Amino acid sequence: MPDSMSGGGPIGDRQINSINLRGRVAIVTGGSAGIGLAVAKRFLASGAQVAIWGRNAERLKSAEAILADSSRIHTSVVDVIDEAAIQGGIESVIARFGRLDILVNNAGILGPRHPVWEYPAKAWREVLEINLTGAFLCSKAAAPHMRRQKYGRVVNIGSASGKDGNPYVSAYSAAKAGLIALTKALAKETATDGVLVNCVTPSASETEIFGELTDLRRSELLSRVPMKRFVDVGEIAALVAWLSSEECSFSTGATFDITGGRTTF
Ligand SMILES: NC(=O)c1ccc[n+]([C@@H]2O[C@H](COP(=O)([O-])OP(=O)(O)OC[C@H]3O[C@@H](n4cnc5c(N)ncnc54)[C@H](O)[C@@H]3O)[C@@H](O)[C@H]2O)c1
(Lines give C-alpha, C1' and ligand atoms only; values in the text may rest on other atoms or scores of the structure.)
Protein backbone atom coordinates (compact mmCIF):
# COMPACT_ATOMS: atom_id res chain seq x y z
CA MET A 1 0.00 0.00 0.00
CA PRO A 2 1.47 3.44 -0.87
CA ASP A 3 2.32 5.60 2.15
CA SER A 4 -0.37 8.04 1.15
CA MET A 5 -3.05 5.34 1.55
CA SER A 6 -2.08 4.30 5.05
CA GLY A 7 -4.42 6.89 6.65
CA GLY A 8 -4.24 8.55 10.03
CA GLY A 9 -1.01 10.57 9.66
CA PRO A 10 -0.63 14.22 8.75
CA ILE A 11 -0.97 14.51 4.98
CA GLY A 12 2.00 16.85 4.58
CA ASP A 13 2.46 17.54 0.88
CA ARG A 14 1.60 14.04 -0.27
CA GLN A 15 -2.10 14.22 -1.12
CA ILE A 16 -3.05 17.68 -2.25
CA ASN A 17 -6.34 18.00 -4.09
CA SER A 18 -6.79 20.90 -6.48
CA ILE A 19 -9.15 23.52 -5.15
CA ASN A 20 -10.05 26.18 -7.65
CA LEU A 21 -9.75 29.72 -6.27
CA ARG A 22 -8.56 31.25 -9.53
CA GLY A 23 -9.68 34.88 -9.85
CA ARG A 24 -10.74 35.02 -6.20
CA VAL A 25 -9.42 37.63 -3.78
CA ALA A 26 -8.97 36.69 -0.14
CA ILE A 27 -8.09 38.39 3.14
CA VAL A 28 -6.51 36.28 5.88
CA THR A 29 -6.32 38.07 9.23
CA GLY A 30 -3.41 37.27 11.53
CA GLY A 31 -1.87 35.56 8.53
CA SER A 32 1.85 36.03 9.08
CA ALA A 33 2.34 32.75 10.96
CA GLY A 34 0.76 29.47 12.00
CA ILE A 35 -2.66 28.51 10.64
CA GLY A 36 -3.16 31.83 8.81
CA LEU A 37 0.12 31.49 6.93
CA ALA A 38 -0.76 27.90 5.95
CA VAL A 39 -4.15 29.13 4.68
CA ALA A 40 -2.47 31.91 2.68
CA LYS A 41 -0.07 29.36 1.18
CA ARG A 42 -2.91 27.01 0.21
CA PHE A 43 -4.94 29.90 -1.27
CA LEU A 44 -1.96 30.96 -3.42
CA ALA A 45 -1.48 27.36 -4.57
CA SER A 46 -5.18 27.36 -5.51
CA GLY A 47 -4.76 30.45 -7.71
CA ALA A 48 -6.17 33.16 -5.42
CA GLN A 49 -4.81 36.64 -4.79
CA VAL A 50 -4.20 36.97 -1.09
CA ALA A 51 -4.08 39.88 1.32
CA ILE A 52 -2.44 39.05 4.63
CA TRP A 53 -3.21 41.22 7.60
CA GLY A 54 -1.20 41.30 10.79
CA ARG A 55 -0.09 43.64 13.53
CA ASN A 56 3.65 43.53 12.89
CA ALA A 57 5.22 44.87 9.68
CA GLU A 58 8.43 42.83 10.09
CA ARG A 59 6.52 39.58 10.49
CA LEU A 60 4.39 40.40 7.46
CA LYS A 61 7.59 40.93 5.45
CA SER A 62 8.92 37.52 6.54
CA ALA A 63 5.61 35.90 5.59
CA GLU A 64 5.81 37.54 2.17
CA ALA A 65 9.35 36.18 1.75
CA ILE A 66 8.21 32.66 2.73
CA LEU A 67 5.32 32.76 0.27
CA ALA A 68 7.55 34.19 -2.47
CA ASP A 69 4.84 35.20 -4.94
CA SER A 70 4.68 38.95 -4.59
CA SER A 71 2.46 39.44 -7.65
CA ARG A 72 -0.50 37.81 -5.89
CA ILE A 73 0.24 38.84 -2.28
CA HIS A 74 -0.67 42.07 -0.58
CA THR A 75 0.28 42.63 3.06
CA SER A 76 -1.07 45.33 5.36
CA VAL A 77 -0.63 46.20 9.00
CA VAL A 78 -4.20 45.85 10.26
CA ASP A 79 -5.14 45.27 13.88
CA VAL A 80 -8.50 43.49 13.84
CA ILE A 81 -9.83 45.59 16.70
CA ASP A 82 -9.17 48.86 14.88
CA GLU A 83 -12.23 49.68 12.78
CA ALA A 84 -10.53 52.47 10.81
CA ALA A 85 -7.54 50.24 9.98
CA ILE A 86 -9.91 47.47 8.81
CA GLN A 87 -11.75 49.91 6.53
CA GLY A 88 -8.43 51.17 5.12
CA GLY A 89 -7.21 47.57 4.70
CA ILE A 90 -10.31 46.61 2.70
CA GLU A 91 -10.01 49.69 0.51
CA SER A 92 -6.38 48.87 -0.24
CA VAL A 93 -7.30 45.26 -1.16
CA ILE A 94 -10.01 46.50 -3.54
CA ALA A 95 -7.61 49.09 -5.00
CA ARG A 96 -4.95 46.40 -5.57
CA PHE A 97 -7.05 43.41 -6.70
CA GLY A 98 -10.40 44.96 -7.69
CA ARG A 99 -12.71 42.83 -5.56
CA LEU A 100 -13.06 40.84 -2.34
CA ASP A 101 -14.40 37.28 -2.32
CA ILE A 102 -13.06 35.55 0.78
CA LEU A 103 -12.50 36.61 4.38
CA VAL A 104 -10.76 34.28 6.82
CA ASN A 105 -11.16 35.54 10.38
CA ASN A 106 -8.10 33.85 11.81
CA ALA A 107 -6.45 36.42 14.13
CA GLY A 108 -6.60 35.28 17.71
CA ILE A 109 -4.90 35.08 21.07
CA LEU A 110 -5.25 32.49 23.82
CA GLY A 111 -4.83 34.85 26.76
CA PRO A 112 -3.58 33.86 30.20
CA ARG A 113 -4.50 30.65 32.02
CA HIS A 114 -6.42 31.19 35.28
CA PRO A 115 -9.53 29.83 36.92
CA VAL A 116 -12.51 32.17 36.46
CA TRP A 117 -12.26 33.48 40.03
CA GLU A 118 -8.71 34.68 39.37
CA TYR A 119 -9.07 35.66 35.70
CA PRO A 120 -8.10 39.34 35.21
CA ALA A 121 -11.03 41.29 33.75
CA LYS A 122 -8.65 43.27 31.54
CA ALA A 123 -7.31 40.08 29.93
CA TRP A 124 -10.89 38.74 29.57
CA ARG A 125 -11.88 41.87 27.63
CA GLU A 126 -8.81 41.70 25.41
CA VAL A 127 -9.38 38.03 24.52
CA LEU A 128 -13.05 38.71 23.69
CA GLU A 129 -12.11 41.84 21.76
CA ILE A 130 -9.54 40.19 19.48
CA ASN A 131 -11.10 36.74 18.96
CA LEU A 132 -14.75 37.75 18.72
CA THR A 133 -15.18 41.49 18.18
CA GLY A 134 -12.29 41.42 15.69
CA ALA A 135 -14.13 38.85 13.55
CA PHE A 136 -17.33 40.91 13.85
CA LEU A 137 -15.60 44.12 12.72
CA CYS A 138 -13.87 42.45 9.75
CA SER A 139 -17.11 40.71 8.70
CA LYS A 140 -19.02 43.97 9.06
CA ALA A 141 -16.58 45.73 6.73
CA ALA A 142 -16.33 42.88 4.18
CA ALA A 143 -20.03 41.93 3.94
CA PRO A 144 -21.22 44.94 1.91
CA HIS A 145 -18.66 44.21 -0.85
CA MET A 146 -19.60 40.53 -0.95
CA ARG A 147 -23.35 41.23 -0.87
CA ARG A 148 -23.03 43.77 -3.68
CA GLN A 149 -21.27 41.29 -5.95
CA LYS A 150 -23.62 38.47 -4.84
CA TYR A 151 -20.68 36.26 -3.95
CA GLY A 152 -18.59 35.73 -0.87
CA ARG A 153 -17.15 33.19 1.52
CA VAL A 154 -16.38 33.92 5.17
CA VAL A 155 -14.53 31.31 7.20
CA ASN A 156 -14.11 31.85 10.92
CA ILE A 157 -11.34 30.03 12.72
CA GLY A 158 -13.00 28.84 15.91
CA SER A 159 -11.72 26.18 18.26
CA ALA A 160 -12.83 22.95 19.89
CA SER A 161 -12.65 25.03 23.11
CA GLY A 162 -15.69 26.95 21.88
CA LYS A 163 -17.70 23.72 22.05
CA ASP A 164 -16.09 21.96 25.00
CA GLY A 165 -15.31 24.95 27.26
CA ASN A 166 -11.72 24.37 28.34
CA PRO A 167 -10.69 24.95 31.96
CA TYR A 168 -8.49 27.98 32.75
CA VAL A 169 -9.12 29.56 29.34
CA SER A 170 -12.69 30.72 29.96
CA ALA A 171 -12.31 33.94 27.95
CA TYR A 172 -10.92 32.06 24.94
CA SER A 173 -13.62 29.36 25.19
CA ALA A 174 -16.38 31.98 25.50
CA ALA A 175 -14.99 34.02 22.58
CA LYS A 176 -14.79 30.95 20.35
CA ALA A 177 -18.33 29.89 21.34
CA GLY A 178 -19.43 33.42 20.44
CA LEU A 179 -17.70 33.05 17.07
CA ILE A 180 -19.78 29.95 16.32
CA ALA A 181 -22.95 31.95 17.08
CA LEU A 182 -21.73 34.93 15.01
CA THR A 183 -21.15 32.48 12.13
CA LYS A 184 -24.74 31.24 12.35
CA ALA A 185 -26.28 34.71 12.64
CA LEU A 186 -24.35 36.25 9.73
CA ALA A 187 -24.93 33.14 7.60
CA LYS A 188 -28.70 33.59 7.96
CA GLU A 189 -28.46 37.30 7.15
CA THR A 190 -26.56 36.64 3.89
CA ALA A 191 -28.09 33.28 2.91
CA THR A 192 -29.78 34.63 -0.22
CA ASP A 193 -26.88 36.91 -1.20
CA GLY A 194 -24.47 34.22 -2.34
CA VAL A 195 -22.40 34.86 0.79
CA LEU A 196 -21.70 31.67 2.74
CA VAL A 197 -20.32 31.83 6.26
CA ASN A 198 -18.82 28.87 8.07
CA CYS A 199 -16.64 28.09 11.06
CA VAL A 200 -13.89 25.54 11.56
CA THR A 201 -13.07 24.26 15.02
CA PRO A 202 -9.61 22.69 15.23
CA SER A 203 -8.15 20.87 18.20
CA ALA A 204 -4.61 21.75 19.26
CA SER A 205 -1.95 22.49 16.67
CA GLU A 206 1.67 23.24 17.53
CA THR A 207 1.77 26.94 16.69
CA GLU A 208 2.95 30.01 18.60
CA ILE A 209 -0.40 30.60 20.26
CA PHE A 210 0.51 28.29 23.16
CA GLY A 211 3.99 29.75 23.72
CA GLU A 212 6.44 27.16 25.07
CA LEU A 213 4.66 23.85 25.62
CA THR A 214 5.80 21.85 28.62
CA ASP A 215 5.71 18.04 28.35
CA LEU A 216 2.85 18.01 30.84
CA ARG A 217 0.77 20.49 28.86
CA ARG A 218 1.56 18.67 25.62
CA SER A 219 0.35 15.34 27.03
CA GLU A 220 -2.74 17.05 28.54
CA LEU A 221 -3.62 18.44 25.11
CA LEU A 222 -3.05 15.12 23.34
CA SER A 223 -4.95 13.11 25.93
CA ARG A 224 -8.20 14.64 24.63
CA VAL A 225 -7.57 13.68 21.00
CA PRO A 226 -8.60 10.14 20.01
CA MET A 227 -6.16 10.19 17.06
CA LYS A 228 -3.39 11.07 19.56
CA ARG A 229 -1.66 13.80 17.60
CA PHE A 230 -1.69 17.53 16.96
CA VAL A 231 -3.48 18.73 13.86
CA ASP A 232 -1.13 19.94 11.15
CA VAL A 233 -1.74 23.51 9.95
CA GLY A 234 -1.86 22.21 6.35
CA GLU A 235 -4.79 19.98 7.27
CA ILE A 236 -6.73 23.00 8.57
CA ALA A 237 -5.78 25.00 5.47
CA ALA A 238 -7.19 22.27 3.22
CA LEU A 239 -10.58 22.45 4.95
CA VAL A 240 -10.57 26.26 4.90
CA ALA A 241 -9.68 26.29 1.19
CA TRP A 242 -12.64 24.07 0.32
CA LEU A 243 -15.01 26.16 2.47
CA SER A 244 -13.68 29.25 0.66
CA SER A 245 -14.36 27.82 -2.79
CA GLU A 246 -17.35 28.05 -5.08
CA GLU A 247 -17.73 24.28 -4.78
CA CYS A 248 -18.83 24.79 -1.18
CA SER A 249 -22.30 25.84 -2.26
CA PHE A 250 -24.92 24.57 0.20
CA SER A 251 -23.21 24.73 3.58
CA THR A 252 -23.61 27.91 5.56
CA GLY A 253 -23.81 28.69 9.25
CA ALA A 254 -22.10 25.36 9.87
CA THR A 255 -19.25 24.38 12.15
CA PHE A 256 -16.70 21.96 10.74
CA ASP A 257 -14.65 20.06 13.30
CA ILE A 258 -11.07 19.11 12.65
CA THR A 259 -10.21 17.45 15.93
CA GLY A 260 -9.01 13.90 15.28
CA GLY A 261 -12.26 12.59 16.76
CA ARG A 262 -12.27 14.81 19.88
CA THR A 263 -15.49 16.73 19.36
CA THR A 264 -18.51 14.50 19.42
CA PHE A 265 -21.30 17.03 19.04
N1 LIG B 1 -3.00 26.36 17.43
C2 LIG B 1 -4.07 25.80 17.94
O3 LIG B 1 -4.01 24.81 18.67
C4 LIG B 1 -5.44 26.33 17.59
C5 LIG B 1 -6.53 25.48 17.81
C6 LIG B 1 -7.81 25.97 17.51
C7 LIG B 1 -7.96 27.23 17.01
N8 LIG B 1 -6.89 28.03 16.80
C9 LIG B 1 -7.12 29.37 16.28
O10 LIG B 1 -6.42 29.53 15.08
C11 LIG B 1 -6.15 30.92 14.87
C12 LIG B 1 -4.68 31.06 14.48
O13 LIG B 1 -3.88 30.70 15.56
P14 LIG B 1 -2.46 29.97 15.41
O15 LIG B 1 -2.58 28.66 16.07
O16 LIG B 1 -1.99 30.02 14.01
O17 LIG B 1 -1.55 30.86 16.36
P18 LIG B 1 -0.60 32.09 16.03
O19 LIG B 1 -0.34 32.73 17.33
O20 LIG B 1 0.55 31.64 15.20
O21 LIG B 1 -1.52 33.01 15.08
C22 LIG B 1 -2.38 34.00 15.54
C23 LIG B 1 -2.11 35.22 14.69
O24 LIG B 1 -3.06 36.25 15.01
C25 LIG B 1 -2.34 37.46 15.08
N26 LIG B 1 -3.08 38.44 15.88
C27 LIG B 1 -3.31 38.41 17.21
N28 LIG B 1 -4.01 39.51 17.57
C29 LIG B 1 -4.22 40.24 16.45
C30 LIG B 1 -4.86 41.46 16.16
N31 LIG B 1 -5.43 42.19 17.15
N32 LIG B 1 -4.91 41.90 14.89
C33 LIG B 1 -4.31 41.20 13.90
N34 LIG B 1 -3.67 40.03 14.10
C35 LIG B 1 -3.62 39.56 15.36
C36 LIG B 1 -1.02 37.08 15.71
O37 LIG B 1 -0.04 38.07 15.54
C38 LIG B 1 -0.72 35.78 14.97
O39 LIG B 1 -0.08 36.03 13.73
C40 LIG B 1 -6.52 31.62 16.15
O41 LIG B 1 -7.79 32.21 16.00
C42 LIG B 1 -6.61 30.49 17.16
O43 LIG B 1 -7.48 30.78 18.21
C44 LIG B 1 -5.62 27.60 17.09
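Helix α1 buries Ile-35, Gly-36, Leu-37, Ala-38, Val-39, Ala-40, Arg-42, Phe-43 and Leu-44. Buried stands for under 20% relative accessible area, exposed for over 50%, and partly exposed for values in between, with a 1.4 Å probe and protein chains only. The model is predicted: local features need pLDDT of at least 70, side-chain atom pairs count only at pLDDT 80 or more, and totals for chains, interfaces and linings use all residues. Residues are numbered from 1 along each chain as its sequence is written, and side-chain values use heavy atoms, with hydrogens and water left out. Helices (H or I, at least four residues) and strands (E, at least two) are DSSP runs, numbered from the N terminus.

Helix α1 is mostly covered, with nine of its 12 residues buried. The cover over these buried residues includes strands β1, β2 (49-54), β3 (73-77) and β4 (102-105), together with helices α2 and α8 (233-243). Contact here means heavy atoms within 4.5 Å. From first C-alpha to last, α1 reaches 17 Å. This is close to the 16 Å expected at 1.5 Å a residue; the expected span is 1.5 Å times one less than the number of residues.

Two packed helices are described by the angle between their axes and the distance between the axes. Helix α1 (residues 34-45) packs against helix α2 (residues 57-67) at an angle of about 40 degrees. The axes of α1 and α2 are 11 Å apart. Axes are lines fitted to C-alpha atoms, for helices over the stretch in contact, and angles run from 0 to 180 degrees between N-to-C directions. The crossing of α1 and α2 is right-handed. In a right-handed crossing the near helix is turned clockwise from the far one by less than a right angle; anticlockwise is left-handed. On the α1 side, Leu-37, Ala-40, Lys-41 and Leu-44 take part. They meet Ala-63, Ile-66 and Leu-67 of α2. By class, the contact residues of α1 and α2 comprise six nonpolar, no polar and one charged. Ala, Val, Leu, Ile, Met, Phe, Trp, Tyr, Cys and Pro count as nonpolar, Asp, Glu, Lys and Arg as charged, and the others, Gly among them, as polar. An α-helix has 3.6 residues a turn, so residues three or four places apart point the same way.

Ser-46 lies in the loop between α1 and β2. Its relative accessible area is 7%, so Ser-46 is buried. Beyond residues up to four places away in sequence, Ser-46 touches Ile-19, Asn-20, Leu-21 and Arg-22. The Ser-46 side chain reaches the backbone oxygen of Ile-19 at 3.4 Å. Gly-47 also follows α1 and has a positive phi, near 100 degrees.

Arg-24 sits in the segment before β1 (25-29). With 14% relative accessibility, Arg-24 is buried. The C-alpha atoms of Arg-24 and Ala-48 are 5.0 Å apart, although 24 residues separate them along the chain. Neighbours within four places in sequence aside, Arg-24 contacts Ala-48, Gln-49, Arg-99, Asp-101, Ile-102, Tyr-151 and Glu-246. With Asp-101, the Arg-24 side chain forms a side-chain polar contact of 3.3 Å. A polar contact is a pair of N or O atoms within 3.5 Å; within protein, one must be able to donate a hydrogen and the other to accept it, and residues adjacent in sequence count only if both atoms are side-chain atoms.

Helix α8 is largely enclosed by the rest of the structure, because eight of its 11 residues are buried. These are Glu-235, Ile-236, Ala-237, Ala-238, Leu-239, Val-240, Ala-241 and Leu-243. The cover includes α1, β4, β5, β6 (195-202) and β7 (255-258). At the start of α8, a side-chain oxygen of Asp-232 comes within 2.9 Å of the backbone nitrogen of Gly-234.

Most residues other than glycine have a negative phi, and most peptide bonds are trans. Lys-228 has a positive phi, near 60 degrees. Lys-228 is placed in the loop between α7 (215-223) and α8. At 52% relative accessibility, Lys-228 is exposed. Lys-150 also has a positive phi, of about 60 degrees. Lys-150 belongs to the loop between α4 (121-149) and β5 (152-157).

Ile-94 is part of helix α3 (residues 83-97). Its relative accessibility is 25%, so Ile-94 is partly exposed. Not counting residues up to four places away in sequence, Ile-94 touches Arg-99, Leu-100 and His-145. The C-alpha atoms of Ile-94 and His-145 are separated by 9.3 Å.
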